[in-house]
Amino acid sequence: MSQITLDEAPPVQAPPVEPERKPITKKDISGDHPTWCPGCGDFSVLALYLKLLEKRKIEHEKITTVAGIGCSSRFPYFVQAYGAHFIHGRGLPFASGISLTRPELHPFFFGGDGDTFSIGGNHLTHIARKNINMTCVVMDNWVYGLTKKQTSPTSPIGFKSKTDTTGAVDQPINPMKQVLAAGASFVARATHTNPNHLLQMMEAALDHNGFSVIQCLSECVEFYEGAFDPSNPRKGGAFNLVPADHDVTDEVAAYKLANAPFPGYFGIFYKSDRPTKNQLEAGLIAAAQKKVAGKKDWQILQDTFERLK
Ligand SMILES: Cc1ncc(C[n+]2csc(CCOP(=O)(O)OP(=O)(O)O)c2C)c(N)n1
Ligand code: SF4
Ligand SMILES: [Mg+2]
């Protein structure tokens with residue numbers, strides 16, 4: 001038997017070197033220059049979202065930013081990644097579909113108080129009770145900004161607008177009580193004037209497995225200037241954190257915090273680890289697939305017709 005000498009042996013091929021992936025930077029994911037009015041609170045929410053993506057090294061193709069219609073909802077234009085600027089009030093169900101079909105993604109929805117609590121209010125309720133894994137950041141400015149000053153569901157009584165020229169008479173909703181009652185499994189409150197705290201809330205929401213809602217006060221300097229001054233220490237207001245001894249698993253305690261008069265509290269009011277619809281549906285799909293394991297599509301169809309006879 002002839003032997004291969006070392007000289008004759010084929011050269012050993014080195015395995016291909018995978019190029020190292022550079023983590024994304026804020027510059028990579030910054031889109032169009034925002035068209036918001038100078039001083040609008042929405043700038044701060046965008047800056048913190050970009051910071052969150054950079055800090056948590058979310059890969060470009062995993063970023064999912066969805067919105068409806070409104071000044072705040074222009075958000076996805078300003079993020080250079082996958083996303084959608086969808087129909088007024090329908091961004092939430094659009095994002096929930098992404099979450100259920102692509103469970104490896106964590107969609108972020110950004111919307112105004114009108115988009116989320118008025119036309120989209122019904123969707124908010126049902127996504128909350130279904131506990132679909134995603135984050136909803138409500139950029140609450142207490143007014144319809146894009147359409148130039150109409151009363152919104154969060155405008156306070158007495159607010160003069162184009163739809164309430166002598167002052168609003170209807171009781172505003174309390175966003176925190178609303179989402180708690182609907183069944184959201186993470187409920188937090190923040191403001192655009194405290195960026196470190198807002199980033200903390202967004203990080204906690206990203207880490208939460210379930211439907212997380214952040215009510216973020218975001219001032220409309222054009223149509224409701226000074227609305228949130230009482231929550232801003234730089235304007236003589238008070239930024240009160242949720243008390244350190246608050247039990248975030250206590251829904252009734254969360255409800256009591258939500259009842260505090262404005263400016264109220266900031267931080268995580270409630271957090272529960274009840275199963276998500278994503279997990280429950282995955283279980284249903286696995287069980288259904290087990291029943292038909294090894295069968296061809298036509299056999300599954302034939303069995304169904306047999307059963308119907
Ligand atoms: C189906 C539908 N109804 C109404 C409108 C008009 N519209 C556009 S934005 C908006 C409300 C915007 O207010 P909000 O959601 O609070 O966002 P903001 O502009 O204050 O950020 C309304 C009523 C629309 N575009 N589509
Ligand atoms: S109108 Fe108000 S909400 Fe819209 S961009 Fe201007 S300041 Fe912001
Ligand atoms: Mg608004």
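**View 1. Helix α6 supplies the largest share of the lining of the largest pocket, three residues.** This is a predicted model, in which local features need pLDDT of at least 70 and side-chain atom pairs count only at pLDDT 80 or more, while totals for chains, interfaces and linings use all residues. Residues are numbered from 1 along each chain as its sequence is written, chains are lettered from A and ligands numbered from 1 in the order in which they are written, and side-chain values use heavy atoms, leaving out hydrogens and water. The pocket holds about 420 Å³ of space. Its lining has 24 residues, and I173, N174, P175, A260 and F262 are the closest to its centre. Four elements each supply at least two lining residues: α6 (175–182), β6 (211–217), α8 (251–258) and β8 (265–271). By class, the lining has 15 nonpolar, six polar and three charged residues.

A pocket is an open set of points on a 1 Å grid over the protein atoms alone, where a 1.4 Å probe fits, with protein on both sides within 12 Å along at least five of seven lines; lining residues have an atom within 4 Å of a point. Points are joined across faces, edges and corners, and the volume is the space filled by probe spheres set on them. Helices (H or I, at least four residues) and strands (E, at least two) are DSSP runs, numbered from the N terminus. Ala, Val, Leu, Ile, Met, Phe, Trp, Tyr, Cys and Pro count as nonpolar; Asp, Glu, Lys and Arg are charged; the others, Gly among them, are polar.

**View 2. The second largest pocket has a volume of about 220 Å³.** Its lining has 17 residues. Nearest its centre lie C37, C71, G145, L146 and F223. The lining divides into eight nonpolar, four polar and five charged residues.

**View 3. Ligand 1 is surrounded by 16 residues (a heavy atom within 4 Å).** The closest are C71, S72, G114, D115 and L146. Helix α4 (residues 113–119) gives the most to this shell, with four residues. Six shell residues are nonpolar, eight polar and two charged. Now the polar contacts (pairs of N or O atoms within 3.5 Å). A polar backbone atom of C71 is 2.8 Å from an oxygen atom of ligand 1. An N or O atom in the side chain of N141 is 3.0 Å from a ligand oxygen. For V143, a backbone N or O atom lies 3.0 Å from an oxygen of ligand 1. Taken alone, ligand 1 exposes 590 Å², and the protein buries 74% of that (Shrake-Rupley method, 1.4 Å probe).

**View 4. W142 has a positive phi of about 65°, although it is not a glycine.** W142 sits in the loop between β4 and α6.

**View 5. The peptide bond from F262 to P263 is cis.** Its omega is near 10°. P263 lies in the loop between α8 and β8.

Terms used
A polar contact is a pair of N or O atoms within 3.5 Å; within protein, one must be able to donate a hydrogen and the other to accept it, and residues adjacent in sequence count only if both atoms are side-chain atoms.
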